[in-house]
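Please examine the sequence and the structure shown here, and keep both in view while reading.

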Amino acid sequence: MGVNLTLMANKGSAEAGRSVYLSVVNDESKKPMELQESFLMQLIRDNENTEIGKKYGFKDIHSIQEYRDKVPVCIYDDIAPYIERMKDGEKNVLTAYEFNHMNTTSGTVGNPKYIPMTDRQTQIFMKYNFLYLNGLKAELLPPEWMEGKIFCTSEGNYSTLDNGITVGCASAKNAEVLKKGGDGAGNAAQMMRAIYTSPVEAMVPEPGTDTKYLHMRFALAEKNITGMVSSFYNMLAHLFQYLADNYEMLIDDIEKGTIDESVKMSDEVRESVLAQIKPEPERAAELREAFAEGVDKPFLKKVWPNLIYLNGAGGDGLAVYDKKIKERFSGDLVHNLYAGVTSSEGLWSVPAGIDTLDNILAAGSAFMEFLPVEAGDDFSQLVLMDELEVGKIYELVVTTANGFYRYRMSDAVKVTGFLNKTPLVQFMFRVNKTISVALEKTTEMALDKTVFDTADELGFTLSDYCVYPNSDVSPGRYDFLIEPGVEGTGVSIEELKESIYKHLCEANPRYGYAVDHDQLTKPEVLILQPETGLLYRDMMVYRGANPSQLKPVHVISNERQKKFFFRLVEE
């Protein structure tokens with residue numbers, strides 16, 4: 001019997017991560033402020049001779065309070081000129097740490113942000129993301145997870161500047177090792193092939209490639225999948241829906257070893273993928289049996305009987321997709337490992353366990369301050385980790401190893417408890433996605449609750465939704481664009497309006513006050529065509545957006561989004 005490379009690779013990752021997981025849970029959680037001070041003071045000493053360090057007198061900073069007194073809170077626009085110089089290859093501007101890559105992420109109005117990925121920040125991601133996560137799985141999941149492959153939806157591209165700095169998706173750089181082969185890339189390529197199902201043509205796609213097909217085609221061919229990983233649960237939901245809509249075509253291709261002519265990809269990509277597949281009539285027969293009863297009931301465990309967990313960002317802000325996955329695809333038979341609060345700018349928390357939305361603040365990953373959301377721009381109300389109160393919601397202000405100092409993230413978290421002395425938090429919403437037409441400040445969390453409660457009350461399946469804060473009318477109005485399941489809502493628009501209005505007043509009493517005092521009018525409701533959310537994602541990918549970073553649009557915030565969604569409203 002040959003060596004089980006998948007088991008070997010997963011075991012190696014689990015053992016490497018176990019000590020990190022236990023250290024974070026049992027040791028670091030007991031001394032968060034000691035870790036916070038140590039992280040900050042080391043960062044200050046390492047960067048005191050940079051341009052930013054000289055500007056704010058890092059040499060004279062010897063305490064957390066002195067740092068907070070000398071360095072102002074900033075947003076991306078404040079440091080964008082420095083970032084541009086760093087893109088041009090200039091050193092010691094915001095950071096003394098070496099870097100050769102910049103992550104890109106969407107700005108608030110669609111302009112890309114460039115985030116330096118320093119060697120120090122890479123070490124932090126490795127510890128608190130990769131190693132911690134594998135250690136958590138080793139400790140808390142059934143050991144059988146190590147015996148199967150992972151369906152990873154990661155994909156993206158990057159470019160290389162003349163000075164050698166790469167710009168784009170960091171995961172795409174990692175996936176590139178697959179192109180080099182086992183001999184050229186060594187153990188890294190072998191490990192990735194042993195663990196992940198998707199081919200490099202899906203992970204680092206050429207423009208115009210149907211990556212949904214490639215991801216799902218290779219995942220379906222692999223029966224022994226124990227885990228599925230995505231940046232956000234909306235990506236998993238979209239791929240499962242794609243499978244539900246196209247399983248017959250996919251199974252035919254698996255049986256024959258072909259790629260259906262309707263699938264979009266270049267001739268070169270098609271030829272490369274065809275060289276990696278072969279006819280698999282036995283697996284096709286298993287899949288036809290799995291789908292014998294159709295897709296009306298959860299089918300993931302029928303297709304992949306050894307599936308143990310899903311991993312990605314879920315919960316508030318993505319709850320509609322989390323709920324859809326449980327109700328339509330996974331049922332209660334698959335564990336959920338919800339990701340911590342992470343972004344291109346840094347990492348702030350790690351999962352506290354399995355099937356819980358609670359996260360442990362990672363005190364050694366960044367220096368963190370917390371602004372009560374009701375404080376607005378009053379930075380005098382910023383507090384530290386040891387001053388957080390259970391039940392309160394705070395906006396994150398962070399200092400990281402990639403050259404961001406007291407950077408306003410716009411991520412809001414709620415404190416749910418403590419592990420020893422370290423706060424537990426849940427991600428709640430993006431502060432800059434709050435609707436405030438008449439100073440009513442409706443959060444995305446309140447919008448989620450409104451549409452969920454409406455769907456539950458009226459008895460229809462909610463596939464997706466978005467809201468346009470309509471200030472073109474007077475008084476202003478919320479336009480709810482609802483995407484129901486294929487069976488529709490089964491109720492009238494008037495019933496939808498009344499239910500949404502009632503539940504929105506419950507979720508945000510200030511909204512009801514604004515309507516009662518003629519500052520807002522009652523909401524309008526429109527129905528979106530099926531799979532509108534998926535179509536928007538595909539359009540953005542076609543325009544060059546990184547699929548791994550695409551969050552769902554629940555608050556329409558620019559003209560492009562407005563035109564797209566309103567054009568897909570049903571008559």
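Arg85 counts as partly exposed, because its relative accessibility is 26%, a value between the limits of 20% for buried and 50% for exposed residues. In this predicted model, Arg85 belongs to helix α5, which covers residues 76–87. When residues up to four places away in sequence are set aside, Arg85 touches Glu51, Glu90 and Val93.

Gln561 is part of helix α21, formed by residues 559–567. Is Gln561 buried or exposed? Its relative accessibility is 8%, so Gln561 counts as buried. Which residues is Gln561 in contact with, leaving aside its neighbours within four places in sequence? They are Tyr536, Val553, Val555 and Ile556.

Charged residues come next, beginning at the surface. Glu206, Asp267, Glu268 and Glu271 form a negative surface patch. One of these residues, Asp267, has its place in helix α13, which comprises residues 267–274. With a relative accessible area of 61%, Asp267 is exposed, since the term applies to values over 50%.

Charges may also occur in pairs. Side chains of opposite charge can pair when their charged atoms come close. How many salt bridges does a search of the whole structure find? The search finds 26 salt bridges. One of them joins Glu374 and Lys392, whose closest N and O atoms are 3.5 Å apart. Both Glu374 and Lys392 lie in the loop between β13 (367–372) and β14 (393–399), so the pair ties together parts that are 18 residues apart in sequence. The two partners may be compared by their accessibility. Glu374 counts as exposed, because its relative accessibility is 53%, whereas Lys392, with a relative accessible area of 26%, is partly exposed.

Another salt bridge is found between the side chains of Asp479 and Arg477, with a distance of 2.7 Å from N to O. Why does Asp479 count as buried? The relative accessible area of Asp479 is 3%, and buried means under 20%.

A further salt bridge is formed by Glu524 and Lys497, where the closest N and O atoms are 3.1 Å apart. This pair links distant parts of the chain, for Glu524 is in strand β19 (residues 524–527) and Lys497 is in helix α18 (residues 493–507), 27 residues apart. The relative accessibility of Glu524 is 23%, so Glu524 counts as partly exposed; Lys497, at 19%, counts as buried. The two values fall on either side of the 20% limit under which a residue is called buried. Salt bridges may also share partners, and in this way Glu15, Arg18 and Glu139 are joined into one network.

The last topic is the backbone. Most residues other than glycine have a negative phi, and most peptide bonds are trans. Against this background, three places in the model deserve attention. Where is a cis peptide bond found? The bond from Ser474 to Pro475 is cis, with omega near -10°. Pro475 is located in the loop between β17 (462–470) and β18 (477–484).

The other two places concern phi. Arg406 is not a glycine, yet it has a positive phi of about 50°. Arg406 occurs in the loop between β14 and β15 (407–419). Although Arg406 is in a loop, it is buried, with a relative accessible area of 6%. Glu531 is likewise not a glycine, and its phi is positive, at about 65°. The position of Glu531 is in the loop between β19 and α20 (532–542). Glu531 is partly exposed, because its relative accessible area is 33%.

Conventions:
Residues numbered from 1 in each chain as written. Predicted model: local features only at pLDDT ≥ 70, side-chain atom pairs only at ≥ 80, totals over all residues. Heavy atoms only, no water. Patch = residues over 30% accessible without salt bridge, like charges linked within 9 Å, V, L, I, M, F, W, Y side chains within 5 Å. Areas by Shrake-Rupley, 256 points an atom, 1.4 Å probe, with all protein chains shown as cover. Salt bridge = Lys/Arg side-chain N within 4 Å of Asp/Glu carboxyl O. Lys, Arg positive; Asp, Glu negative; His and termini not counted. Charge placed at Lys NZ, Arg CZ, Asp CG, Glu CD. Helix = DSSP H or I, 4+ residues; strand = E, 2+ residues; numbered from the N terminus. Buried < 20%, exposed > 50% of the residue type's maximum accessible area, 1.4 Å probe, protein only. Contact = heavy atoms within 4.5 Å.
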